[in-house]
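I opened this entry to note what I looked up. The overall form comes before the single residues.

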Amino acid sequence: MGEAKRRKATLGEKYGKDQDPRIMPWVPITKSQAELFMKWTTRGAWIGIGGLVVAWVTIRFIGPAFGWWQVV
């Protein structure tokens, strides 16, 4: 018995159909892809927020403390 026949016997009615349902029928994005996108964008947003905080602390406190510039 070939691999395809084994898979067909194992899956039965689900054979040949998408295992991961789409968000909406007309949107070609599956739920797992949407979850992965949300995970990466959330991580990127937090990295951006952290970078903004580091830049603000540098501009507001570290630079003037070392005499690199003056805050007006």
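I took the radius of gyration over C-alpha atoms, and the globule rule as 2.2 Å times the number of residues to the power 0.38. For a compact globule of 72 residues the radius would be near 11 Å, but the protein chain has 26 Å. This is a predicted model: local features need pLDDT of at least 70, side-chain atom pairs count only at pLDDT 80 or more, and totals for chains, interfaces and linings use all residues. Residues are numbered from 1 along each chain as its sequence is written, and side-chain values use heavy atoms, with hydrogens and water left out.

I looked up the extent next: the C-alpha trace spans about 75 × 30 × 10 Å along its principal axes.

I then checked secondary structure, with helices (H or I, at least four residues) and strands (E, at least two) as DSSP runs numbered from the N terminus. The protein chain has 2 helices and 0 strands.

For burial I used these cut-offs: buried is under 20% relative accessible area, exposed over 50%, and partly exposed in between (1.4 Å probe, protein chains only). Buried residues make up 3% of the 72 residues.

I looked up Val27 in the loop between helix 1 (3–11) and helix 2. Val27 has a relative accessible area of 21%, so Val27 counts as partly exposed.

Last I found Trp69 in the segment after helix 2 (31–65). Trp69 is partly exposed because its relative accessible area is 35%.
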